[in-house]
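Me: I have a structure to read and I am new to this. Can we go through it feature by feature?

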Amino acid sequence: MRINFRTLCDKGAGGMMFILLILSVVLLIAMGIGLWFKAAPVLEGRMLKDLLFSANWKPLKGEFGFLPFVMGTLWITGIAIILALPISLLAATFLTEYARPVIKKYVFPALDILAALPSVIYGVWGTLIIVPWISEELALLFVEYSTGYSALASGIVLGVMILPLLVSLFIELFSAVPNDLREASLGLGATKWQTTHRVVLRKTIPGMIAAVVLAISRAFGETIAVLMVCGNLAQVPNSMFDAVYPIPALIANNYGEMLSLPLYEAALMFAALILFVVVLLFNLASRMVLYRIEKKSN
Amino acid sequence: MKFFIEKLMRVLMILSLLLVFGFVFSIVFTIFSKGWSAMSWDMITKLPGGGFYIGKEGGFLNAIVGSLYIVGASTLLGLLISIPVVFYLNIYLKKKSKLAYVTRLAYDVLFGVPSIVYGAFAFTIMVYLGVKASLLGGIIVVTLLIIPIFVRSMDEVAKEFPREILDATYSLGATRLETIRVVVRQIAPGIATATLLSIGRAIGDAAAVIFTAGYTDSIPTSLSQPVATLPLAVFFQLSSPIAEVQDRAYAAALVLTVIVLILSLLGRYFTNRFSKNKLK
Amino acid sequence: MSLKSSANSIYNQYNEWWESSALRRQVKIFRPDYKFIRKSEESELMVENLNVHIKNNHILKDINLSIPDKKITCIIGPSGCGKSTLLKTFNRLIDSVEGVKLDGKVLIDGEDIIHSGQEITELRRKMGLISQRPCPLPMSIFENIAYGCRIHGIRNRRKLNMIVQHYLKSSGLWEEVKDRLRSPAARLSIGQQQRLCLARSLAVEPQFILADEATSALDPISSKIIEDLFVKLKANYSIIMVTHTLHQALRIADYVVFMYLGEIIEAGDAQQIFNNPQHELTKKYLSGAFS
């Protein structure tokens, strides 16, 4: 009897865990569907094209052109990647190919801290350091006046935030390259950089692209830190010293008030849906590539 | 020529590494120097007083306690949900199972979904169900937010679970469920690290709780009351034009940073410490 | 009537009384080595026409075998001949291998373990497996041995203490570890770990001990200790061991099975096989022509 009971427990618990597992997948689908339904009113009678590429943002008149927000998001994500990519690439190369273990002992905790700091802290740092620096020094070299709350400030803060993610992904990729390849190249008389460049970096290009896509999707959704330094002006930015208004900031800023206007709520939900879809696609694609690489290296 | 490039790249690499250190130092130093001067005992032991938002007496105990409530409850819930999921993924399912692949992919995507989207989604659900912004809402959304972190980082460790231990356990007559004690012991360091990681994320996240938990000056006494959180305290107080209130934001930021730094250090420590029973 | 037989009859009467007395039921004397229900003291293992396929490979071909009770049976043969697979079939650990297909019968105490719906946990309890590399569970020494009993329903602290002590003694480990039962098993030396694994298997009262090259990862002294233990244990258990080293088989085997490429070439008493092998392949293998 007892033995039957044990097997029963095993099966029963298995069933329960299976349900939990399925629920998590369902959550993802539910999120998409839920956002879609909530966004439906704003999609009715409007072309997707108009929504995304019109710059008319007049919620009270029922005009919802997302272009300023889309452009804002693209600007800051672009700046963040341009800043973070070379730094993380060089740092990761150094850590895997050149550094002695002692150095790693100090670098990893530092990266840990960067990864662990909450975004609101980055926001505070941005307003205290980056924004004044831009408005008082950097911007004066290029434009007449900037408040400092700008695309560039957001980009820098965002860039620092995605650094640890990029570095850890790159390190994982580089470490997966077999040592034989490196030795073969070094044995032919190549210098260490030539080996790194020709062998390690070239071999990991698909993985690197996947990692960058992943970092982009992370940067896309970052809210609070960006909200604190972006300026929050619904305009299409012309230079990196202009204020921007990325999509997550739009949602966070207006969510409380939108309840009175159903269409406004739908518009904000549409914004969330854009974020969700972009993140979903980017993540799916890059994770699938990374899985394949992982499988190969095993 | 190639030696020149070699030298150049080496210099660039070291520079970029220094830059990373520079960022860490700059952030931590800024928060500490600004926050320390604004810090006082009252800040962390008192609730906001009457004139708090125009720079008078009081502290942000409400936010500290609120954050602890949310983080404590959601970490517990998260563990309860994610340990079975990881266990099922690694013990019940076969290595090459399609379901395991899809689930891992789903969790990776869920991990990448921005917290503002979680917040927006949870808020619409709450509106639908007629739940107001409250402690309960905050706990649920943060739990959803950290489950992917839990699952992913524990799964990372559980994947390496040695087949031999499993075989040894089975050959004593254990069912799959009964191996859980062995599995949990073996991946204990992973669970500890995952927990710390999740706590760090849960305590620092503002975007998800901004609509779901609300904000209040008092400590909630039931699940249906709104609750303040540290990141939101920083955010709201910093947007005030009054310098004294801004100072409080820095003090709150300092508290948040210290908590996160301690968690991060503990994480390192646990990874080494908890591996006592673990087989190499 | 001799003195001896009268003493015996008195003893038997006493035993009968003791077994039926109310006192016995109250005292509930607990024997650490007699805690689970056994069908019989005899154990019997018969293999009939066993075929094992893994994916497209025919690993075991038409195995017919009968394992003698309370003896040491050595399965010898070159590596890759399916010895370990055969052993893992006996406790159905083979189920967790992907793409495996079993045909035929394996009868343990008259019950076919492959097709009858027998509880797999109970089966595995009956077949204690000692793996090639010692594999202590990630817990303390005490917990390692208590684990098996716990999952089979014995949770009483006092009983567990008795069980742990009893089996650590029977594997000769007690004196070495009695002061550090709470320390992690991973800290033991590898030879000690293997004895711990043996004690762990014995603690759930198996009828068979399946040893899969149990000494191959150990130093000569430790493996000698294990061998001696096996010889001692065969009074109570049927021991089936897979071995790579012919010398070991020579030293301790009572019964020998020679396998080659998934087939049983020859099986018989150790004396007969070693001194007078019938088959050409066996002769070659024993003379060291291949290994």
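Me: How far apart are the C-alpha centres of domain 1 and domain 2 of chain B?

Reply: Domain bounds come from an automatic or database domain assignment. Here the C-alpha centres of the two domains of chain B lie 30 Å apart. The assignment gives domain 1 as 2–38 and domain 2 as 43–275. This is a predicted model: local features need pLDDT of at least 70, side-chain atom pairs count only at pLDDT 80 or more, and totals for chains, interfaces and linings use all residues. Residues are numbered from 1 along each chain as its sequence is written, while chains are lettered from A and ligands numbered from 1 in the order in which they are written.

Me: How many residues does the contact take from each domain of chain B?

Reply: Two residues are in contact if their C-beta atoms, placed from the backbone, lie within 7 Å. Domain 1 of chain B gives seven residues, and domain 2 of chain B gives seven.

Me: What about chains A and B?

Reply: That contact takes 67 residues from chain A and 67 from chain B. On the chain A side, helix α1 (residues 2–43) gives the most, with 18 residues. Helices are DSSP runs of H or I, at least four residues; strands are runs of E, at least two; both are numbered from the N terminus.

Me: How do I read a sheet?

Reply: Strands of a sheet pair through backbone hydrogen bonds, either parallel or antiparallel. Two strands pair if DSSP finds at least two bridges between them. Chain C has an open sheet of four strands, in the order β2-β1-β4-β5, with antiparallel pairing. Its edge strands are β2 (57–67) and β5 (111–112). Two bridges join β4 (residues 100–108) of chain C to β5(C). C:L107 has C:D112 in β5(C) as its bridge partner.
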